[in-house]
Amino acid sequence: MVIYAMAAGGALCVLIGTVGLAQLTAGERVATSAVPQAKKPDKDETFVLDVIADFLGGPFAGMAMELIRPWRSAIRRRIDAAGRPGGMTVETYARRTAGYTVLFGLLALGLVANGRPLFGLLALLGSAQTELILYNKRVTRQDAIQRAMPDFLDVLAVTVSAGLSFRLALARVAESMPGPLSEEFMVALRQMELGTPRREAFEDLRSRNNSDAVNLFVTAILQAEELGAPLGTALVDIGGDMRREAAQWARRKAQRTTPKITAITMSMTLPALMMVVLGALFIGSGMGGAGGILGG
């Protein structure tokens, strides 16, 4: 009966490892379609801990804003790069971080009072919950922008070649290809509508994103504007360069994924293998208990 339980536990570990690996690498797959498929916009789900943190951090929001004043610009850039999830602002960031500090600080004090200082120290890491969420959303969003840029430029080049002005073509393509990249271009277009010069709007676009594709696009567009090169030809050239850059980016992404897959596979399959080995030793010892296994 014990060996059956061990075998079942081992199979469960392998199953959990397979499912976890599939979920982890789901966002790493490169789309094979030449045209990005339109998808429904993701709805920002309200996390219950965020609501609790907002409530607990309300009384300390002013103090938190003063504490983060030297890093306010950097925090704003990180929020912009993450797509301002849930309409997050610097004030929201400060209030929520203060709330998580109070929440996990109380938990850490309780653990220390019960004689578990190590667990209390680990609990304090929960105070960085807001920053971890921003990091995850920022990486996911920038990867989506990197993937979408070559196809976006191909459609934009065709639209400009059809006779539309660059600004009108950019707006038309952004409306027809929804996603993080289109959202960033729409922000730049709104800035230009409000009187911001094109160069300044594109510079802001580059500063909001740390994507190599966005940086290459903005640099090429501004250089073409300075040199007076035909915009349609420039977009075709940029699109070709972007395709090569996208291929190199995909290869780098795959190379970074391989060690993660190996680590997850080993961590999930090793416990199952150990359980099988211990079960075999248990059976081989004549079910004599731990003493048989240890040679007692």
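Q: Buried means under 20% relative accessible area, exposed over 50%, and partly exposed anything in between (1.4 Å probe, protein chains only). What makes Glu-66 count as partly exposed?
A: Its relative accessibility is 47%, which falls between the two cut-offs, so partly exposed it is. Before going on: this is a predicted model, where local features need pLDDT of at least 70, side-chain atom pairs count only at pLDDT 80 or more, and totals for chains, interfaces and linings use all residues. Residues are numbered from 1 along each chain as its sequence is written, and side-chain values use heavy atoms, with hydrogens and water left out.

Q: How do you know that Glu-66 forms a salt bridge with Arg-69?
A: A salt bridge needs a side-chain nitrogen of Lys or Arg within 4 Å of a carboxyl oxygen of Asp or Glu. The closest N and O atoms of Glu-66 and Arg-69 are 2.8 Å apart, so the pair passes. Arg-69, at 44% relative accessibility, is partly exposed.

Q: What makes the pair of Asp-50 and Arg-96 a salt bridge?
A: Their closest N and O atoms sit 3.8 Å apart, which is within the limit, so the name holds. This one links distant parts of the chain: Asp-50 belongs to helix H2 (residues 48–57) and Arg-96 to helix H5 (residues 90–113), 46 residues apart.

Q: Why are Asp-50 and Arg-96 called buried?
A: Asp-50 has 11% relative accessibility and Arg-96 has 15%. Each value is under the buried cut-off, so both get that label.

Q: How do you know how many helices and strands the protein chain has?
A: Helices (H or I, at least four residues) and strands (E, at least two) are DSSP runs, numbered from the N terminus. That comes to 13 helices and zero strands here.

Q: What makes helices H8 and H9 neighbours, and at what angle do they cross?
A: Axes are lines fitted to C-alpha atoms, for helices over the stretch in contact, and angles run from 0 to 180 degrees between N-to-C directions. On that basis the axes of H8 (residues 166–176) and H9 (residues 180–193) come within 9 Å and cross at roughly 145°.

Q: Which residues in H8 and H9 meet?
A: Contact means heavy atoms within 4.5 Å. Arg-167, Leu-170, Ala-171 and Ala-174 in H8 meet Ser-182, Phe-185, Met-186, Leu-189 and Met-192 in H9.

Q: How far can the model be trusted, going by pLDDT?
A: pLDDT is the predictor's confidence in each residue, from 0 to 100. The chain averages 75, with 79% of the residues scoring at least 70. Where pLDDT is low, the predicted coordinates should not be read in detail.
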